[in-house]
Amino acid sequence: MNLHEYQGKEILASFGVATQKGIVALNIDEAVAAAAQLTKDTGTSWHVIKAQIHAGGRGKGGGVKLAKSLEEVKTISRDIIGMQLITPQTPPEGKKVSKVLIAEDVYYPGDSEPKEFYVSVLLNRASGKNMIMYSTEGGMDIESVAEKTPELIFTEEIDPGHGLQSFQARNVAFNLGLSGFAFKEMVKFITALYNAYIGADASLFEINPVLKTSDDKIIAVDAKITLDDNALFRHKDHEGLRDLTEENPTEVEAREVGLNYVALEGNVGCMVNGAGLAMATMDLIKQSGGAPANFLDVGGTADAARVETAFRLILKDPKVAAILVNIFGGIVRCDRVAQGIVDAYKNMGDAINVPIIVRLQGTNADISKKLIDDSGLNVLSAIAFEEAAQIVKEAL
Ligand code: GDP
Ligand code: MN
């Protein structure tokens, strides 16, 4: 689950990570009130207005602006709230901004030496360890730093069983070229950040920039946070952080009915049982020259009702030109699944407007093939995987 910057910063602050202070606002009045409140709380007279969307690169797209008076807070908020913000990370049409974060200006006026760093915490799946990735080149997009100057990106690998060791936090501060008070502040910052990552059950923290002010404070200015969905049950308070308007509506609907669906870019809809078989099916579609339109794991029960729900979800995507059903009948018998498909198809009638290719393998596979072939419906059957892929190719 991805979070907005303002939600991420609240989590960071609750773990003692020093963050730029801010208040979220839904309209111009709230924005001005927030700015006045921040002036009271922090003494700041300048504010940054930051569009809250689930995409980075907002600064480049005009979604982050500095206001030097309450009048400017008003005019800039008016421009940003409701705008269609296009950044390198949004879809081409951009994303509509419905909230802004009003934040204290932490780049002191006339500050000659603010320094921006990049810090992220993530899971390195290959080594099975957590990783702090950091760079002296903050503020810009890390992909281009990785491409042009990979030597400026450092990593610390952390064994989750042992946790962050204090020498590792010192390594970070040292490699970022810090000394004196700023060094100590960075050690504190990294320690609190890692605790927050573990405590919140996150799968990604990306703080870009982490700012060193001229008086050597270390502050999180941005926060891109992804929480691990599998751990959400441990954090009832996090469920309310989900912003459904930022998510694919079909994925939201699928989650509600307990189906595991991920939208993709291709034109072959997939309905599969088991995540492993689903991955293999997507590979096979690719190899045969097509591209999967989705990942969909229907799980163990593939009765008519569930198959119909799955078909309806897949068909919401207008790109879908064919559907490949690939089910292994182990516990569930193939003929029962085949009957489910036939029943769902009959029930849906004209709603099914693309060819359906069914590959059933396992218990009673031959009976199920006959069941489908005799149904008189526009369903093509196969038992072998490659054969199914070939039929998909011909059907497109
Ligand atoms: P992103 O573009 O979506 O990554 O959004 P960021 O939160 O990283 O903000 C973009 C840029 O705005 C930062 O790299 C800073 O240079 C600038 N910025 C953010 N906060 C402040 C601030 O308090 N004062 C000033 N002057 N600039 C800021
Ligand atoms: Mn940023």
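User: Hi! Quick one to start: where is the place of Pro-209?
Analyst: Hello! Pro-209 sits in strand S10. Helices (H or I, at least four residues) and strands (E, at least two) are DSSP runs, numbered from the N terminus. The model is predicted, so local features need pLDDT of at least 70 and side-chain atom pairs count only at pLDDT 80 or more, while totals for chains, interfaces and linings use all residues. Residues are numbered from 1 along each chain as its sequence is written, chains are lettered from A and ligands numbered from 1 in the order in which they are written, and side-chain values use heavy atoms, with hydrogens and water left out.

User: Thanks. And the peptide bond from Asn-208 to Pro-209, is that cis or trans?
Analyst: That bond is cis, and its omega is near 10°. As background, most peptide bonds are trans.

User: Is Asn-208 buried or exposed? And what about Asp-222, buried or exposed?
Analyst: Asn-208 is buried, at 16% relative accessible area, and Asp-222 is buried at 19%. Buried means under 20% relative accessible area, exposed over 50%, and partly exposed in between (1.4 Å probe, protein chains only).

User: What is Asp-222 in contact with?
Analyst: Setting aside neighbours within four places in sequence, Asp-222 is in contact with Glu-5, Lys-9, Lys-50, Arg-58, Glu-206, Ile-207, Asn-208 and Pro-209. A contact here is heavy atoms within 4.5 Å. The side chains of Asp-222 and Arg-58 are also joined by a polar contact of 3.1 Å. A polar contact is a pair of N or O atoms within 3.5 Å; within protein, one must be able to donate a hydrogen and the other to accept it, and residues adjacent in sequence count only if both atoms are side-chain atoms.

User: How many residues of helix H1 are buried?
Analyst: In helix H1 (residues 5-14), 7 of the 10 residues are buried, so the helix is largely enclosed by the rest of the structure. Those buried residues are Glu-5, Tyr-6, Gln-7, Gly-8, Lys-9, Ile-11 and Leu-12. After H1 comes Gly-16, with a positive phi near 80°.

User: Speaking of positive phi, what is the phi of Asp-216?
Analyst: Asp-216 has a positive phi of about 65° although it is not a glycine. Most residues other than glycine have a negative phi. Asp-216 lies in the loop between S10 and S11 and is partly exposed at 22% relative accessibility.

User: And Asn-364, where is that found?
Analyst: Asn-364 is in the loop between strand S17 (356-362) and helix H11 (365-373). Phi of Asn-364 is positive too, near 65°, and the residue is partly exposed, with a relative accessible area of 26%.

User: Switching topic: which backbone oxygen does the side chain of Asn-273 reach?
Analyst: The one of Phe-328, at 3.0 Å. Asn-273 is in the loop between strand S14 (268-272) and helix H8 (275-287) and is buried at 14% relative accessibility. Not counting residues up to four places away in sequence, Asn-273 touches Asp-297, Val-298, Gly-299, Asn-326, Ile-327 and Phe-328.

User: Last one, zooming out: how many helices and strands does the protein have?
Analyst: The protein has 12 helices and 18 strands. Of its 396 residues, 49% count as buried, and the C-alpha atoms fill a box of roughly 80 × 45 × 40 Å along the principal axes.
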